Amino acid sequence: MKIIIRSAKIIDSKSPFHNQTVDLLIADGFIKKIGTALPNTDNLEELKLENLHISQGWFDSSVSLGEPGFEDRETIANGLETAGKSGFTGIALQPNSFPIIDNQAQVNFVKNKANGSATELYPIGALTKGSESKDMAELYDMKNSGAVAFGDYAKSLDNANLLKIALQYVQDFDGLVIAFAQDEKIKGNGVANEGIVSTRLGLKGIPDLAEELQIARNLFLLEYTGGKMHIPTVSSPKSVQMIKEAKAKGLNVTCSVSVHHLVLTDEKLEEFDTRYKVTPPLKTESDRQELINGVLDGTIDLITSDHNPIDIEHKKMEFDLAKNGTIGLESAFGALMTVLPLETVIEKFTAGKAVFGIPNHSISEGETANISLFNPEGNSVFTNENILSKSKNSAFLGTALKGKAYGILNQGKLILG
């Protein structure tokens with residue numbers, strides 16, 4: 001494919017063209033030329049979009065798709081197309097399918113399913129067999145097949161010794177352990193954030209302590225073992241502070257926060273709408289502001305959609321019984337632009353590749369064309385018509401958005417929403 005992108009403003013601090021509006025000649029998957037008013041002597045296809053901005057390709061560090069086993073929720077093909085149209089050139093796929101991605105064959109299966117897609121799929125292998133927290137999975141074999149990290153989606157590992165052994169074991173091949181934090185015994189039957197809202201609504205609360213105790217324990221283990229740990233979807237200000245202190249000690253720890261924890265609060269639960277039932281639960285306005293501060297000061301490394309399609313049968317039921325999770329790819333950029341500066345959004349969407357050991361490609365001549373296309377201006381409201389996923393369980397329906405993702409140019413393919 002050969003194409004000229006016209007009048008695109010580059011947002012890429014590593015590019016010599018950062019904050020400049022230029023034309024780009026893309027050929028055979030590479031950026032061949034960047035300049036102003038590039039000639040089109042070969043009558044190539046041209047791409048012109050309103051207020052077009054481009055950056056390094058965005059990467060989402062936590063995406064669930066369903067396939068294999070839950071294709072009614074989402075397929076890999078449609079999930080990757082949705083990600084591409086939402087501006088993401090790469091996603092880390094969670095292992096919570098059926099069967100669980102806990103061996104070499106399952107990693108190969110999902111990678112083969114993604115062949116030919118413009119959006120690249122990077123599997124996360126389960127840390128334990130069947131994500132049952134009993135025995136360590138085949139981590140080395142999965143790494144050799146392309147797994148970029150190891151973790152059990154939305155499940156804490158209660159067995160501290162097993163986590164210790166995993167952190168020690170993966171150092172032999174520079175592996176990354178993902179340690180979700182929520183103490184199940186403290187969580188108990190809780191379904192919402194413990195606080196004024198849950199008390200008023202009569203919902204069983206989950207205290208911040210459930211997250212904070214696990215993170216404190218996991219950081220102690222990391223300090224003892226060494227290695228690399230990623231803590232996903234933190235939601236407590238005290239958790240952020242502990243991670244900040246661990247980084248100051250020199251521990252190799254990173255963390256992420258979900259889009260919905262930066263934009264929404266537990267006030268959304270007033271009507272018992274299960275679209276807002278997520279893990280960890282939505283928190284207070286004060287917590288939301290502190291999480292934003294953690295993003296701005298650099299303690300929180302990544303922002304994820306934590307995209308998790310759930311079929312309607314498991315969402316349209318009593319709040320206590322409904323499954324946790326929301327889709328979020330389609331709304332991620334527009335929602336974040338309402339609470340964060342553009343350059344911060346782009347930084348947190350592109351930093352994940354380095355965390356997961358995936359090459360980054362700056363917007364420079366000679367580099368691989370791995371590009372996200374977007375417009376940071378304009379206001380809209382997210383509606384059902386904006387949902388591209390098979391499942392429709394979006395917590396952002398009716399939410400005001402700013403800007404829009406146009407799509408991506410990657411793997412020699414142009415995908416527009």
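Tyr140, Ile165 and Tyr169 form a nonpolar surface patch with about 260 Å² of accessible area together. Patches join residues with over 30% relative accessible area and no salt bridge, nonpolar side chains (Val, Leu, Ile, Met, Phe, Trp, Tyr) within 5 Å and like charges within 9 Å. A salt bridge places a side-chain nitrogen of Lys or Arg within 4 Å of a carboxyl oxygen of Asp or Glu. Areas follow the Shrake-Rupley method with a 1.4 Å probe, and for residues only the protein chains shown count as cover. The model is predicted: local features need pLDDT of at least 70, side-chain atom pairs count only at pLDDT 80 or more, and totals for chains, interfaces and linings use all residues. Residues are numbered from 1 along each chain as its sequence is written, and side-chain values use heavy atoms, without hydrogens and water.

Tyr140 lies in helix α3 (residues 139–145). Helices (H or I, at least four residues) and strands (E, at least two) are DSSP runs numbered from the N terminus. Tyr140 counts as partly exposed because its relative accessibility is 41%, between buried (under 20%) and exposed (over 50%).

Strand β5 (residues 53–56) pairs with β1 (residues 2–10) in the parallel sense over two bridges. Pairing requires at least two DSSP bridges. Ile54 in β5 stands opposite Ile10. β5 also pairs with β16 (residues 371–381), in the antiparallel sense over four bridges. Here Gln56 faces Ile371 in β16.

The whole structure holds seven cavities of 30 Å³ or more. A cavity is a set of points on a 1 Å grid where a 1.4 Å probe fits but cannot get out, and lining residues have an atom within 4 Å of a point. The largest cavity has about 100 Å³ of space. Its lining includes Ser62, Asp152, Tyr153 and Asp306.

Definitions and conventions: Buried < 20%, exposed > 50% of the residue type's maximum accessible area, 1.4 Å probe, protein only. 1 Å grid on protein atoms, 1.4 Å probe; cavity = no way out; pocket = protein on both sides within 12 Å on 5 of 7 lines; lining within 4 Å. Points joined across faces, edges and corners; volume = space filled by probe spheres on them.
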